[in-house]
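The following exercises are to be worked through with the sequence and the model at hand. Each task is followed by a stepwise solution.

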Amino acid sequence: MPRPLDSTPAADGFRMPAEWEPHEGCWMAWPERPDNWREGAVPARAAYAAAASAIAASEPVTVAVSDRQFEPARAALPDAVRVVEVSTDDAWIRDTGPTFVVDGAGGRRGVDWIFNAWGGLDGGLYSPWDRDDRVAAKVLEVEGDARYRAPIVLEGGAIHVDGEGTVLTTEQCLLNRNRNPELDRPAIEAALHAHLGTEKVLWLGEGVLEDETDGHVDNLACFARPGLVLLTWVEDPADPQHGISADALARLEAATDARGRPLEVVKIPAPGPLTITAAEAAGVEPVEGTRPRRAGDRMAASYVNFYLGNSRVVYPLLDPTRDENAGAILRDVFPGREVVGVPAREILLGGGNLHCITQQVPAR
Ligand code: KQY
């Protein structure tokens with residue numbers, strides 16, 4: 001691998017663009033591990049293939065796949081989808097892939113964060129994770145983009161930007177002792193600004209209940225355009241998610257962004273509550289050191305975890321009583337894009353959703 005650059009994106013005039021800015025494409029990775037995905041990941045692979053097909057109508061998609069799964073993946077995916085062999089430990093390229101940055105003058109590079117499987121040996125989700133930690137460098141090789149190796153543990157799902165200087169994140173994740181225990185809040189903020197080209201951090205508190213990433217913001221809230229935040233919402237005050245979302249709402253309503261604008265917040269009522277069925281739990285092969293899947297456990301279901309493509313918003317279908325309402329809200333917020341739902345329960349059963357399994361490649 002070429003040596004990483006020894007400066008930072010901000011110092012070189014690069015910034016992370018917002019997700020609504022034009023994309024050159026989208027990366028995904030193919031699910032395999034039977035201790036995370038039920039029935040040997042067969043149903044999950046069908047869900048990933050449907051998501052890839054839906055996104056491919058919006059922009060070119062590349063899927064990273066092991067040698068063992070190359071032929072089945074090639075057969076399951078549309079011809080327009082590029083399939084490349086990249087070794088991974090699991091299939092969450094939002095977190096293992098690079099965060100792309102651009103300079104507005106035709107330059108694009110990537111930030112390769114340190115990955116420790118969402119907490120390393122202190123609550124992380126599997127071990128080892130070294131193949132996942134090399135994914136970002138490999139994606140950047142394929143894309144021909146230079147790489148910054150950021151000196152902090154961070155996953156792409158832990159941040160959202162508005163492309164105009166503001167980064168949104170959660171204390172539960174970024175200040176967690178299992179990520180960067182040697183760094184305090186100001187040091188984390190400085191690292192974010194140096195690698196994302198941002199100027200202001202908006203801190204939310206906890207992420208979605210039972211989110212096994214330690215509360216990634218991409219399951220709780222996201223920017224939809226400068227000054228507008230979508231927030232997952234539960235109305236029932238007896239549901240613990242209500243307090244989490246209400247705290248996020250209060251923080252957002254009290255905040256201004258990097259440009260000094262107050263924020264408008266649009267609530268998206270969450271699916272469920274959704275729990276794992278006995279049949280679903282029984283299909284996962286338990287392995288010591290990985291997170292068990294138990295019947296009755298609540299899942300961290302949210303409609304905020306969607307993919308914002310060039311011409312399409314691809315959002316998770318999770319609850320027939322709520323899916324239509326979520327789609328209507330997204331149509332209202334993104335009038336220039338086609339809003340398309342794809343069945344996503346199998347992805348949720350693995351611990352994340354559509355945003356977590358995708359990584360946009362911004363146009364240069
Ligand atoms: O949601 C994500 N960004 C990743 C979830 C990882 C779950 C592993 N079981």
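**Exercise 1: Aspartate 145**

Aspartate 145 is buried, having a relative accessible area of 6%; buried means under 20% relative accessible area, with a 1.4 Å probe and protein chains only. This is a predicted model, in which local features need pLDDT of at least 70, side-chain atom pairs count only at pLDDT 80 or more, and totals for chains, interfaces and linings use all residues. Residues are numbered from 1 along each chain as its sequence is written, and side-chain values use heavy atoms, with hydrogens and water left out.

Task: Locate aspartate 145 and identify the side chains with which its side chain forms polar contacts.

Solution. 
1. Aspartate 145 belongs to the loop between α5 (135–143) and β6 (146–153); helices (H or I, at least four residues) and strands (E, at least two) are DSSP runs, numbered from the N terminus.
2. Its side chain makes a polar contact of 2.6 Å with that of arginine 108. The term denotes a pair of N or O atoms within 3.5 Å; within protein, one must be able to donate a hydrogen and the other to accept it, and residues adjacent in sequence count only if both atoms are side-chain atoms.
3. A further polar contact, of 3.1 Å, links the side chains of aspartate 145 and arginine 364.

**Exercise 2: Threonine 62**

Task: Determine whether threonine 62 is buried or exposed, and which side chain it joins in a polar contact.

Solution. 
1. Threonine 62 is placed in strand β2 (residues 61–65).
2. Threonine 62 counts as buried because its relative accessibility is 6%.
3. The side chains of threonine 62 and arginine 82 are joined by a polar contact of 2.9 Å.

**Exercise 3: Backbone geometry**

Solution. 
1. Proline 128 lies in the loop between β5 (108–114) and α4 (130–133).
2. Glycine 272 and proline 273 are likewise joined by a cis peptide bond, with omega about 15°.
3. Alanine 41 is buried, at a relative accessible area of 0%.

**Exercise 4: The ligand**

Task: Find which backbone lies 2.9 Å from a ligand nitrogen atom.

Solution. 
1. The atom is a backbone N or O atom of glycine 350.
2. A polar side-chain atom of histidine 216 lies 3.4 Å from a nitrogen atom of the ligand.

Methods. Buried means under 20% relative accessible area, exposed over 50%, partly exposed in between (1.4 Å probe, protein chains only).
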